[in-house]
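The plan is to go through it piece by piece and write down what I find.

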Amino acid sequence: QLQLVESGGGLVHPGGSLRLSCAASGFSLANSNNMAWFRQAPGKEREGVACIDGGTRQTTRYADSVKGRFTISRDNVNNTMYLQMNSLKPEDTGVYYCATDRKFGRCSMAPSVMDYWGKGILVTVSS
C-alpha cells in the first residue's frame with residue numbers, strides 16, 4: 001500500500017527555519033516518481049510550493065512566494081523527500097502536504113494531477 005507521511009512541522013518564529021520530511025512506503029522514490037510539496041492556509045485553497053522531477057536530473061521548481069527561501073530535495077536511498085524552509089514568514093503558516101503524481105518527467109505543482117497525498121502537517125510561523 002502506497003503511503004506518504006510528513007514530519008517536522010511545528011511552531012517557529014518569523015525568520016526561523018524548519019525542515020519537513022516526507023517518508024514514502026509502498027513505492028520507491030528511485031523509480032523516477034515526480035514529487036511535490038503543497039500547503040493550505042486557513043480559508044485558502046491548496047497551493048503548490050515546490051516540486052522535484054523524478055529521475056537522475058531531479059530538476060526543481062518553486063512557487064514565486066518561496067523562491068530563494070525553500071529548498072526541495074529527495075533521498076532515494078532512504079525513500080524520503082525534504083523541504084528545507086528558511087527565513088520563514090507568518091504567511092508561510094499552513095498545513096503542508098507531500099504528494100506524487102506517479103509520473104516521470106517535468107514535475108507539476110497542480111493539486112489536481114496528484115495521485116497520492118500525505119495527511120499533512122501543520123507549520124505555524126508566529127511571534
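This is a predicted model: local features need pLDDT of at least 70, side-chain atom pairs count only at pLDDT 80 or more; totals for chains, interfaces and linings use all residues.

Before anything else, a term I need: I call two cysteines a disulfide when their sulfur atoms are within 2.5 Å.

**Entry 1: disulfides**

How many disulfides does a search of the whole structure find? I get two.

I took the pair Cys 51 and Cys 107 to begin with. Their sulfurs sit 2.1 Å apart, S to S, and that is within the 2.5 Å cut-off. The torsion about this S-S bond is about 60°, so I'm writing the disulfide down as right-handed. Where are the two ends? Cys 51 is in strand 5, while Cys 107 is in the loop between strand 9 and strand 10, so the link ties together parts that are 56 residues apart in sequence.

Cys 22 has a relative accessible area of 1%, so I count it as buried. Cys 98 is buried as well, at 0% relative accessibility.

Counting bonded cysteines along the chain, I wrote the pattern as 1-3, 2-4.

In what order do the four strands of the open sheet come? The order is 1-3-8-7, and the pairing is antiparallel. Strand 1 (3-7) and strand 7 (70-75) are at the edges with a single partner strand each, so one side of each has no neighbour in the sheet. From one strand to the next, the twist averages 15°.

I then zoomed in on strands 1 and 3. Strand 3 covers residues 18-25, and five bridges join it to strand 1, the two running antiparallel. For a landmark I picked Val 5, which stands opposite Ala 23 in strand 3.

A reminder to myself: strands of a sheet pair through backbone hydrogen bonds, either parallel or antiparallel.

Is strand 9 largely enclosed or left open? Six of its seven residues (94-100) are buried, so it is largely enclosed by the rest of the structure.

I listed its pairings next:

- Strand 4 (residues 35-40) pairs with strand 9 in the antiparallel sense over six bridges, and Gln 40 stands opposite Val 95.
- Strand 11 (residues 121-125) is joined to strand 9 by three bridges and runs antiparallel to it; here Tyr 96 has Ile 121 as its bridge partner.
- Strand 10 (residues 116-117) is joined to strand 9 by two bridges, also antiparallel, with Trp 117 as the bridge partner of Ala 99.

**Entry 2: Ile 52**

Back to strand 5 (residues 47-52), where I stopped at Ile 52. Is Ile 52 buried or exposed? It is buried, with a relative accessible area of 2%. Leaving out residues up to four places away in sequence, I found that Ile 52 touches a list including Met 35, Ile 72, Met 81 and Cys 107.

**Entry 3: two positive phi values**

Last, some backbone angles. Asn 79 has a phi near 55°, a positive value in a residue other than glycine. I found Asn 79 in the loop between strand 7 and strand 8 (80-85). Its relative accessible area is 15%, so Asn 79 counts as buried, the cut-off being under 20%.

Arg 102 also has a positive phi, about 55°, and is not a glycine. Arg 102 sits in the loop between strand 9 and strand 10, and that loop also holds Cys 107. At 38% relative accessible area, Arg 102 is partly exposed.

Key:
Residues are numbered from 1 along each chain as its sequence is written. Side-chain values use heavy atoms; hydrogens and water are left out. Two strands pair if DSSP finds at least two bridges between them. Axes are lines fitted to C-alpha atoms, for helices over the stretch in contact, and angles run from 0 to 180 degrees between N-to-C directions. Buried means under 20% relative accessible area, exposed over 50%, partly exposed in between (1.4 Å probe, protein chains only). Contact means heavy atoms within 4.5 Å.
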